[in-house]
Amino acid sequence: MHVLSDEGDGTPIPSTLFGIFFEEINHAGNGGLWSELVSNRGFEAGGQNTPSNIAPWTPVGSSSDVLLATERASPFARNPIALRVEVLCDSCQAPVGVANPGYWGMDVRAGDEYKIIFWLKAATSSSVVVSFVSSDSSVTLAQSDTINVDGTKGWTKQEIVLKAQATDHYAQLTITSKEKTVFWIDQVSAMPVETYKGHGFRKDLALMLEELKPRFIRFPGGCYVEGERLQNAWRWRASVGPWEERPGHLGDVWGYWSDDGIGYFEFLQLAEDLDALPIWVFNNGVSHTDEVATSLIGPFVQEALDGLEFALGSSSSKYGALRAKMGHPEPFNLKYVAIGNEDCGKQYYRDNYLQFYYAIKKYYPDISIVTNCDGSYRQLDHPADLYDFHIYTSASNLFNMNHQFDKISRNDGPKAFVSEYAVTGNDAGRGSLLAALAEAAFLIGIERNSDVVHMTSYAPLFVNNNDRRWNPDSIVYDSWQSYGTPSYWVQKFFKLSSGATLLPSNITGSTNVNSVVTSAIRSSDTNDPSIIVKAVNFGNKAVGLKLNIDGSFWNSANSTAVILTSNNVMDENSFSNPTKVVPKTVTMSGKNQMGITLPAYSFMAITVPSLGSNSRDSELHSDM
Ligand code: AHR
C-alpha cells in the first residue's frame with residue numbers, strides 16, 4: 001500500500017532538479033539546434049594550410065568550366081582561408097561556381113525567407129548569383145538578383161534575403177556566375193529568418209526543449225570540453241565576437257568541425273530564452289590524452305575568470321563590454337560552473353581544481369562549483385558545492401538504481417548533480433521503451449532523494465540521424481524533421497517536479513512490489529496545485545492500483561492520467577513512426593475511488609486536482 005498525505009507537510013524539491021545537458025556531439029549544435037544551414041562556412045575545416053579540403057563544398061559545373069582552390073586570402077585574421085573560384089567558360093551555358101549541401105541537406109520551404117550573408121571579392125568587375133537549388137540541382141528554389149562586384153573594391157560584405165518559391169528539405173546553396181571571371185568567397189552564412197525567439201536556434205528543436213521546462217542547461221559538454229587533445233578542447237574566447245571572426249575548431253572527441261556559430265554567448269542566451277539557469281562546464285587543463293601541470297595552470301584560471309566576467313561583469317568591464325557589444329548589456333544569470341568533465345582520476349585534476357576553486361570563490365563568491373569527483377560513496381577531499389555523477393548502464397541496473405541515493409549521507413556536504421544518465425547498449429538500441437522505463441524509475445528515485453540530489457539531466461540531448469556518434473539520445477532529427485525518443489517523453493513527465501513538494505509515500509506488502517516504483521508530488525503552481533502520482537511498472541505483469549482519497553473534495557472524474565507504454569518493450573520511435581511510443585491519455589471513471597491498471601512495462605502519471613488544505617490522507621493501493 002502506498003500512502004499519500006496531502007496535509008501540506010511534504011518535503012520541498014529543489015527548484016533546479018530537472019534540466020538538460022547540451023553537448024556538441026552527434027551534430028547537436030552544428031547541423032542541429034543552431035540554424036546555420038551552411039557547413040564549413042569559412043573553409044577552415046580542412047585546416048589552415050593550403051591547399052586544403054573544402055568538403056562538403058562541391059563544384060557547380062565540370063572541371064573544364066570551374067577551378068576551385070583554397071587560399072590564405074581571407075579578410076579575417078583568425079580564419080585565413082578563403083575560396084578562390086575561377087570560372088573558365090565564357091558566356092557559360094549554365095551557372096558555374098560552387099555549392100554547399102549544408103548538414104546532409106538544407107531545409108528550404110516555399111514561402112519561407114532565408115538570410116544569406118557572405119564575403120565577396122573579384123579580380124575584375126563581374127557578377128554572381130546566389131540560389132537555393134534542389135538536392136539533384138534540377139529545380140531552382142530561390143534566386144537572388146545579379147550581384148555586381150567591382151573588381152577594384154576588395155572584400156565586400158553581401159547581405160540578401162531569399163524567399164523560396166518551392167520546397168526541398170535537402171536543398172543546396174549555390175554561388176555561381178556565367179561569365180569568365182575569378183572571384184573569392186568567405187564566411188558564407190544562410191539562416192532561416194525565423195528562428196526560436198529570433199536568436200538563431202532551430203525552432204522545432206528549441207520548442208522541444210521548452211516543452212521540458214528545463215530549470216538549467218549544462219553546456220557545452222561532456223568530452224567535447226576536454227578534447228582528445230587539449231589543443232582541440234572548446235575554449236570560450238574563440239567562440240565569441242562577430243561570427244565571421246570566430247576561428248572554429250575541430251571537436252576531436254566526436255570527430256567533426258565546428259564553426260562555433262553556437263558559442264558561449266549563444267549558450268547563455270539559450271538558457272535565458274528557456275528560462276533555465278546556465279551551467280558552464282570549462283576545461284581545467286585536462287584533456288583525454290594530455291594535461292597542464294598545476295604549476296602552469298595560471299592562464300587557464302584567468303581564462304575561466306574572464307569567462308565569468310563575460311557572463312556577469314558590468315558592460316563597462318573588458319569582457320562585459322564584449323557581451324554588451326554582442327547585444328546583451330545586462331549580465332546573464334550564471335550561478336553555476338563545473339570544473340572539467342569526468343577527470344577526477346587524472347594526475348593534475350584535483351590540484352588544478354583547487355586553483356580554479358579558490359580563484360572563483362575569491363572574485364565570484366556566489367558561484368556554485370561542481371567537482372568531477374563522486375562524493376556519493378565517500379567524503380570529498382576538496383571543497384565543492386556539488387559533485388558530478390554520471391551513469392550509463394543496462395536497464396535493469398538503472399531500474400535498481402532508483403535506490404542509489406537512499407542510503408548516502410545526509411550531512412551538509414555537497415549535493416549530487418546527476419548531469420549524465422541513460423540506459424545504453426542492447427537494452428536501449430536507438431531509444432527503447434525499456435530504457436525509458438528504467439530511467440523513469442531512476443528519476444523517481446531521484447525525486448524521492450532530492451534532499452541530496454539537486455540537479456539531473458539526461459545525456460546526450462540531441463542526435464542528427466546522419467551522424468550517430470552516440471546511442472541512444474533524447475531528440476532525433478535530420479535537416480527538417482524531429483521526434484522524441486521514449487526517454488524524451490519520460491523527462492516530460494517530470495516537468496512539474498522541480499520546485500514541487502514531495503509528499504510522503506511508501507509501498508508495502510504486495511507480490512510484484514519490486515517491479516513498481518512510485519512517487520507523489522504537489523505541484524508548486526499556485527494556480528494549479530495538483531497532486532501528481534507517478535508510477536512505473538518495470539515488470540512483465542499488469543499491476544492493479546487503487547487510489548482512494550478520503551473526503552468530498554475530490555472526484556476521480558476530475559483526474560487525468562497519461563501513460564507511456566507500447567506493444568513491445570523494445571519499441572522505438574522513428575521518422576516513419578515518430579509517435580509509436582508517446583504518452584497517451586487514460587480515461588478515468590468513478591467517483592472518489594479510482595481503480596487503475598498499470599500495464600506491464602508502463603509509466604503512468606495521474607494528476608489529481610488539489611484535495612484542499614483540510615483534506616485527510618489519500619491512499620494509493622497496489623493490488624499486485
Ligand atoms: O554523453 C556522452 C559522453 O558521455 C559525454 O561526453 C561524457 O561526459 C560521457 O562520457
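Asp-275 is exposed, with a relative accessible area of 68%, where exposed means over 50%, buried under 20% and partly exposed in between, for a 1.4 Å probe and protein chains only. The structure is a predicted model, in which local features need pLDDT of at least 70 and side-chain atom pairs count only at pLDDT 80 or more, while totals for chains, interfaces and linings use all residues. Residues are numbered from 1 along each chain as its sequence is written, and side-chain values use heavy atoms, with hydrogens and water left out.

Asp-275 is placed in the loop between α3 and β19 (277-282); helices (H or I, at least four residues) and strands (E, at least two) are DSSP runs numbered from the N terminus. Although Asp-275 is not a glycine, its phi is positive, at about 60°. Asn-40, likewise a residue other than glycine, has a positive phi near 60°. Asn-40 lies in the loop between β3 (20-21) and β4 (58-60) and is buried, with a relative accessible area of 3%.

Two cis peptide bonds are described here. The bond from Gly-221 to Gly-222 is cis, with omega near 25°, and Gly-222 lies in the loop between β16 (216-219) and α2. The bond from Ala-459 to Pro-460 is also cis, with omega near -15°; Pro-460 is found in the loop between β24 (453-458) and β25 (462-464).

Glu-226 belongs to helix α2 (residues 223-226) and counts as buried at 2% relative accessibility. The side chains of Glu-226 and Asn-341 are joined by a polar contact of 3.0 Å, that is, a pair of N or O atoms within 3.5 Å, of which, within protein, one must be able to donate a hydrogen and the other to accept it, residues adjacent in sequence counting only if both atoms are side-chain atoms. Not counting residues up to four places away in sequence, Glu-226 touches several residues, including Ala-233, Asn-283, His-288, Asp-343 and Lys-346, contact meaning heavy atoms within 4.5 Å. The C-alpha atoms of Glu-226 and Asp-290, 64 residues apart along the chain, are separated by 9.7 Å.

Ser-189, in strand β15 (residues 181-192), is buried at a relative accessible area of 5%. A polar contact of 2.7 Å links the side chains of Ser-189 and Glu-36. Leaving aside neighbours within four places in sequence, the contacts of Ser-189 include Val-38, Arg-41, Lys-115 and Trp-243.

Helix packing was examined around α4. Helix α4 (residues 298-312) packs with helix α6 (residues 349-363) at an angle of about 35°, the axes being 10 Å apart; axes are lines fitted to C-alpha atoms, for helices over the stretch in contact, and angles run from 0 to 180 degrees between N-to-C directions. The contact involves Phe-300, Val-301, Ala-304, Leu-305 and Leu-308 of α4 and Gln-355, Phe-356, Ala-359, Ile-360 and Tyr-363 of α6. By class, the contact of α4 with α6 has 9 nonpolar, 1 polar and no charged residues, with Ala, Val, Leu, Ile, Met, Phe, Trp, Tyr, Cys and Pro counted as nonpolar, Asp, Glu, Lys and Arg as charged, and the others, Gly among them, as polar.

The axes of α4 and helix α5 (residues 318-325) come within 7 Å and cross at roughly 45°. In the contact of α4 with α5 there are 5 nonpolar, 1 polar and 4 charged residues.
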